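Hi everyone, thanks for coming. Let me put the sequence and the model on the screen, and then we can walk through a few spots together.

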Amino acid sequence: MSQNIIDITFEDEALTDIDGALDTLNARFGGLVALDPVKRRRLHKMGDKSEAFCRLAVDVLTSNPQILPPTFDLAALKRDVAALDALRARTVLVMRLYQRMLDTEMALGSDIMSNSVEGYQLLKLAGKSGGLDSLRKQLSVRFKAKRTRGEPEEGEPGVEDEASA
């Protein structure tokens, strides 16, 4: 029986809306930065424990502004905390959507691969009598590169994971 983990269609109107929404996200998140690997390694990192320290420091500094020199921008620090909180809530939503997109992409690829192998097996059976041998040979190229002498082709009986490659 054919594999069908997912059956999804994207209508043109839906894709236009999605593309518009992505354009809006890109425009609204225009202030986001892209760090190069060297910069990313060199930056101070704020983990869970450090975040508690930082939030307490902001509270203490807010309560005691008299200890700060005029060059210390407490307002900018508070804006950073507010921006982090706003960004995180959206990051969680985008990450969930992204994971579902990856899972859907994987399911579609698996459906395509599984059904293509099944179709290839049917072609091997019917191809000899149906004049399809040359087409079967074109498709068989996919499996010959991985095959060693004496092993069955991928998709033939005896091969357990037909979508591993």
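So, to begin: which backbone oxygen lies 2.9 Å from a polar atom of the side chain of Lys 45? That would be the backbone oxygen of Leu 43. The Lys 45 side chain also reaches the backbone oxygen of Arg 41, at 3.1 Å. For a polar contact, I take a pair of N or O atoms within 3.5 Å; within protein, one must be able to donate a hydrogen and the other to accept it, and residues adjacent in sequence count only if both atoms are side-chain atoms.

A quick word on what you are looking at. This is a predicted model, where local features need pLDDT of at least 70 and side-chain atom pairs count only at pLDDT 80 or more, while totals for chains, interfaces and linings use all residues. Residues are numbered from 1 along each chain as its sequence is written, and side-chain values use heavy atoms, with hydrogens and water left out.

Back to Lys 45. This residue sits in the loop between helix H2 (37-42) and helix H3 (48-63). Helices here are DSSP runs of H or I with at least four residues, strands are runs of E with at least two, and both are numbered from the N terminus. Lys 45 is exposed, at a relative accessible area of 55%. My cut-offs are under 20% for buried, over 50% for exposed and partly exposed in between, with a 1.4 Å probe and protein chains only.

Zooming out, the chain has 5 helices and 0 strands. Of its 165 residues, 12% are buried.

Now to the charged pairs. A search of the whole structure finds 3 salt bridges, each meaning a side-chain nitrogen of Lys or Arg within 4 Å of a carboxyl oxygen of Asp or Glu. Arg 55 pairs with Glu 51, with the closest N and O atoms 2.9 Å apart. These two are 4 residues apart in helix H3, so about one helical turn separates them. Glu 51 counts as buried at 12% relative accessibility, whereas Arg 55 is partly exposed at 29%.

Glu 51 also forms a salt bridge with Arg 88, at 2.8 Å between the closest N and O atoms. Since Glu 51 is in helix H3 and Arg 88 in helix H4 (residues 74-130), this pair ties together parts 37 residues apart in sequence.

Finally, Asp 85 and Arg 55 meet at 2.4 Å, N to O. That pair links helix H4 to helix H3 across 30 residues. Through shared partners, Glu 51, Arg 55, Asp 85 and Arg 88 join into one network of salt bridges.
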